[in-house]
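Hi there,

Here is the structure I promised to pass on to you. Please open it alongside this email, and my notes on it follow below.

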Amino acid sequence: MDEAKKRILSGIKPSGDLTLGSYLGAIKNWVALADSCDCYYCMADMHAITVRQDPAELRRRTVSQLAQNIACGLDPKKNVVFIQSHVPAHAQLGWVLDCYTMFGELSRMTQFKDKSAKNADNINAGLFTYPSLMAADILLYQADLVPVGEDQKQHVELTRDIAHRFNTIYGEVFKMPEPWIPKVGARIMSLQDPQSKMSKSEQDTGGCICLMDSPESIMRAFKRAVTDSDTRVCYDPDGKKGISNLLNIYCAAAGITIPQAEKEFENKGYGAFKTAVGEAVVEMLRPIREEAGKLLGDKAYLAEVYRDGAMRASQTAGRTLRKVYKKVGFVER
Ligand code: TRP
């Protein structure tokens with residue numbers, strides 16, 4: 001391993017199918033980092049169960065997420081790609097870190113407040129301590145950089161506070177991680193409500209596009225995308241949220257800049273623009289969907305990938321966990 005390379009860790013919860021937002025905001029950036037960094041990516045299934053999941057669906061989505069990651073270009077030879085629950089060190093360090101995370105800190109997490117408002121009948125302890133499990137995910141690998149969306153920044157900041165607290169007591173055990181928020185594609189918004197982030201929970205309302213969606217359903221969603229009553233295709237993220245979101249998506253899919261796109265649609269209406277965005281997204285996702293479909297037909301290959309990933313992840317994670325156990329005073333077995 002190249003010591004000069006920066007270590008990266010990130011994860012996505014398989015609590016819904018992967019969306020266009022996860023691709024443009026996360027996976028596409030991950031693919032680009034493979035050569036210059038030492039990267040670890042997990043399917044965060046342990047995080048997914050903080051909200052009740054159908055077991056068969058969770059299993060299907062976890063494996064499908066892995067296949068889609070690979071289909072997006074994430075090479076499992078160059079990156080360590082694994083399923084979180086396959087590496088017990090996450091749960092083990094998670095518990096230790098629970099004991100170094102304050103009730104008050106967890107109570108202030110915006111995501112906890114949002115989620116507990118949405119799941120009022122299931123405000124379980126896991127939902128509350130989720131950020132210390134996420135801190136374990138990150139600190140186990142001594143990550144330098146954590147690519148995340150804006151909504152996860154607070155969790156990475158808490159991770160830093162926990163690491164600092166632990167290091168102050170026991171010496172330099174954990175590397176201090178930095179959140180890394182990509183500029184382009186970081187915030188792909190809902191097609192139905194461009195005020196809020198594109199979320200996998202909107203699968204039925206046409207607000208989100210999933211990587212495995214059919215071309216017809218993608219076209220339908222873009223044609224129905226919410227815009228304003230103006231007719232000019234121009235970028236104005238405050239005044240024209242819907243159109244600006246579509247412009248971001250179009251530029252990412254077509255590989256052009258905002259001014260170029262504005263020029264292209266200068267004298268064309270919203271209808272023609274929405275059709276063009278839909279077509280560009282269909283073409284961008286077509287090879288991904290086809291490749292993921294093929295991979296899903298080869299369960300033995302996928303199992304080989306996640307077993308190899310779990311083995312490599314466990315080696316790195318085990319080293320940190322052993323150090324932590326020793327520091328806190330557990331007897332060596
Ligand atoms: N909490 C992240 C999300 O909901 C997913 C995640 C789990 C993660 N563990 C992580 C992200 C570690 C970055 C690093 O999107």
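A word on naming before the notes: helices and strands here are DSSP runs, with helices (H or I) of at least four residues and strands (E) of at least two, numbered from the N terminus. Please also keep in mind that this is a predicted model.

What is the phi of Gln142 near? It is near 55°, a positive value in a residue other than glycine. For context, most residues other than glycine have a negative phi.

Next, have a look at helix α3 (residues 55-71) and helix α12 (residues 270-296). Their axes come within 8 Å and cross at roughly 130°. That angle makes α3 oblique to α12. The crossing of α3 past α12 is right-handed.

Which residues meet there? From α3 come Val63, Ser64, Ala67, Gln68, Ile70 and Ala71, and from α12 come Ile288, Glu291, Ala292, Leu295 and Leu296. The residues of this contact between α3 and α12 divide into eight nonpolar, two polar and one charged.

Helix α3 also holds Thr62. Is Thr62 buried or exposed? Thr62 has a relative accessible area of 5%, so it is buried. Leaving aside residues up to four places away in sequence, Thr62 touches Pro14, Met43, Asp45 and Ile83.

**Cysteines**

A disulfide is a covalent bond between the sulfur atoms of two cysteines. How many disulfides does a search of the whole structure find? The search finds zero. Take Cys37: the closest cysteine sulfur is in Cys39, and at 5.1 Å from the sulfur of Cys37 it is too far for a bond. The cut-off used for a disulfide is a pair of sulfur atoms within 2.5 Å. Cys37 is buried too, with a relative accessible area of 9%. Cys251 is likewise in no disulfide, and its nearest cysteine sulfur, that of Cys234, is 13 Å away. Cys251 counts as buried because its relative accessibility is 10%.

**Another threonine, and a lysine**

Thr316 belongs to helix α13 (residues 299-328). With 8% relative accessibility, Thr316 counts as buried. Its contacts, not counting residues up to four places away in sequence, are Arg7, Tyr40, Leu140 and Tyr141.

Lys115 is in helix α6 (residues 110-118). Its relative accessible area of 22% makes Lys115 partly exposed; the buried class is for values under 20%. Lys115 touches Lys13 and Leu127, again not counting residues up to four places away in sequence. Lys115 and Ser22 are 93 residues apart along the chain, and their C-alpha atoms are separated by 19 Å.

**One more loop**

Where is Asp193? Asp193 lies in the loop between β5 (178-180) and α9 (215-223). At 34% relative accessibility, Asp193 counts as partly exposed. Asp193 and Cys39 are 154 residues apart along the chain, with 34 Å between their C-alpha atoms.

Best wishes

How values were computed
Residues are numbered from 1 along each chain as its sequence is written. This is a predicted model: local features need pLDDT of at least 70, side-chain atom pairs count only at pLDDT 80 or more; totals for chains, interfaces and linings use all residues. Side-chain values use heavy atoms; hydrogens and water are left out. Axes are lines fitted to C-alpha atoms, for helices over the stretch in contact, and angles run from 0 to 180 degrees between N-to-C directions. Angles under 35 degrees count as roughly parallel, over 145 as roughly antiparallel, 65 to 115 as roughly perpendicular and the rest as oblique. A crossing is left-handed if the near helix is turned anticlockwise from the far one by less than a right angle, and right-handed if clockwise. Contact means heavy atoms within 4.5 Å. Ala, Val, Leu, Ile, Met, Phe, Trp, Tyr, Cys and Pro count as nonpolar, Asp, Glu, Lys and Arg as charged, and the others, Gly among them, as polar. Buried means under 20% relative accessible area, exposed over 50%, partly exposed in between (1.4 Å probe, protein chains only).
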